[in-house]
Amino acid sequence: MAEERKSLEQRHQMSDIERLRHSAAHVLATAILRIWPEAQFAAGPPVENGFYYDIDLKHRITPEDFAQIEAEMKKEVKANNVFERIVVSRAEALELANKGRLGALTERGAPSPFKIGNLEEIPEGEEISLYKNGDFIDLCAGPHVMRTGNIGAFKLTHVASAYYKGDEKNPQLQRIYGTAFKNKTEMEAYFTMLEEAKKRDHRKLGKEMELFCFDDDVGPGLPLWMPNGTVLIEELEALAKETEFAAGYDRVRTPHLARENMYLTSGHLPYYAESMFPPMQLSLDGAAATQDQELRNAYTQLHDQLREHTLANPDRPLTGRGEELAKEIDALEKKIDALNAGNRYYLKAMNCPHHHKIFGAVPRSYRDLPLRLAEYGTCYRYEQSGELFGLMRVRSMQMNDAHIYCTEEQFESEFNAVNEMYLKYFKIFGIDKYLMRFSTHDPAKLGQKFVDAPELWKKTEDMVRNVLIRSGINFVEVPNEAAFYGPKIDVQVWSAIGREFTIATNQVDFAVPSRFGLVYKDRDNTEKTPLCIHRAPLGTHERFIGFLIEHYAGNFPLWLAPIQVRVLPIGDEEPLVEYARGIQAELRAAGIRAEIDASSNNIKGKVLHAEQSKVHTMLVVGHRDLEAGAVSVRLHGKGALGAKPRAEVIADIIASAKERRA
Ligand SMILES: [Zn+2]
Ligand SMILES: [Zn+2]
């Protein structure tokens, strides 16, 4: 797929760190040209965690070249050159590009072909600017930092290859990646974090802890949840069900597929078709099957006739009888398609349409509202195989979904309650850093990018903003990024090691309920369309557990730990093993996942094995414990806490799990 050019609007939204990193890309180009003056440059944008520049160069750049390039970059940073913006006409820019002066230190024998290509992409009427640092001049819309010296720390990281403009018909270029920061301390912290993230990689820990697996016969992007991972799922669902029950939600269950018709109504088809699995066509039966066969026979006959007709005049455009035949064939195709449409099914990519159908299944009155329908629904999305990544990008996902149908008057308090639910979850999981990205509409684009309902936009956005401000939640407002049918909030959280994850989205929807003809009878006996809030605070099991694995480094708190307790008797004498079994039985009776290690290993080996399995709490019992009615407690990764009375320890374990202590 071709890469999209950033709009001026998007460029103005570049954050400070993105400006700095993009500026570092210019410095990288400057350095490369000092070493290889013939290098041709294409695009050098900031990306997540860094920047790159695409280069056409005979010499294949490898990490062995990085030290030399970085040394040249250092000189440019030290020179502290100003990033000077120069506005030019299209003709002037083209002239410079033809002389090879763009993406270069001097005029060159050959033109700058990619810069000419980039120039062609700038829409007529948009200002064309160059940026100059020292001798280096580039075609660029900016923005940049003031001076090269503002780039406090940088590092080249890797080389990849990429096609010009992302199109494989274009030449293949070398893509040099790097990262840059305000200062050395921040950069060092970043690389330390990356090291730690590697140790906590959810794919690595998921395998070691036997949480989930993938299998080629099942298919890429379709995780299998093993017993230990299923424990995590069940605990999260128990938390969600308990919380949602207390908040007045009703649970529903819906099938994993539906007819094409429903997705046409919801608007997922045709717009979202690329992200859905292709449809399943079921065969027709009875009268419909006969009719289908007749239509297909007629279709074949017409096709034969058309072929005969065109054989006589192969190169002429269709006229007369030929044109008529083509039209008839077209009409028949549509008829066959319409007849079969009712038997085309899609795997569901979203739960919303199913929930809308439940809302519409019985007459609703204002007394039924707010109606909150919740389901841990499994959805299927057709991610490109190149995009699949562990649990983070998958093709089947179980979503902490719910749809709240409410009146305009109820909206603010409902939205507030959703926010409080988020904050409650953040507290349970020890998520200290989070950000709500509140995307709003652009009034200039009503009726095109955004549903044409100016008053509803204003009203709902005001209410959402009020809730966010009043509850003291950390948020930023991003104009022009709302969904087509209403404002939305993307929730970003940071793991314990400071890596960012987008886990959930809340959306306000004031268009789709009316597409489904959803109404309730109001006090005044008139029919009104409810608002709908889509919310999924725990996101999908896949993404959220992927996050939690990194966040906890696999050392889950007691309530989540796949193996909560293991009793380790010192030796295998009958009374001691009996005592250990009694403790295990008492814990299991209270719903605690307790095991016993009755192997012939010595205690050192048993402890080591339990530590490796990330067992949360180890209860070591020896003769002295047996006589005193005690147990010796040991916590994973924290070591021994000493002997305590058995009853006290058991009560504490049960309470910790029940309260979901951190
Ligand atoms: Zn630039
Ligand atoms: Zn939804």
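Two strands pair if DSSP finds at least two bridges between them. The model shown in these close-ups is predicted.

**View 1. Strand β17 pairs with strand β18.** Four bridges join β17, residues 434–439, to β18. The two strands run parallel. One of the residues involved is methionine 436, whose bridge partner in β18 is phenylalanine 475.

View 2. Strands of a sheet pair through backbone hydrogen bonds, either parallel or antiparallel. In this sheet the pairing is mixed, and the strand order is β11-β15-β16-β23-β20-β19-β17-β18. The edges are β11 (250–251) and β18 (475–478). Each edge strand has a single partner strand, so one side of each is left without a neighbour in the sheet.

**View 3. Helix α17 packs on the sheet.** This helix covers residues 541–552.

**View 4. Helix α4 packs against helix α5.** Two packed helices are described by the angle between their axes and the distance between the axes. For α4 (residues 90–98) and α5 (residues 113–121), the angle is about 160° and the axes are 8 Å apart. Because angles over 145 degrees count as roughly antiparallel, α4 is roughly antiparallel to α5. Their crossing is left-handed.

**View 5. Residues of α4 meet residues of α5.** On the α4 side are Ala93, Leu94 and Ala97. They meet Lys115, Ile116 and Leu119 in α5. By class, this contact has five nonpolar residues, one charged residue and no polar residues.

Technical notes:
Residues numbered from 1 in each chain as written. Chains lettered and ligands numbered in written order. Predicted model: local features only at pLDDT ≥ 70, side-chain atom pairs only at ≥ 80, totals over all residues. Axes fitted to C-alpha atoms, helices over the stretch in contact; angles between N-to-C directions. Parallel < 35°, antiparallel > 145°, perpendicular 65-115°, else oblique. Left-handed = near helix turned anticlockwise from the far one by under 90°. Contact = placed C-beta atoms within 7 Å. Nonpolar A, V, L, I, M, F, W, Y, C, P; charged D, E, K, R; others polar.
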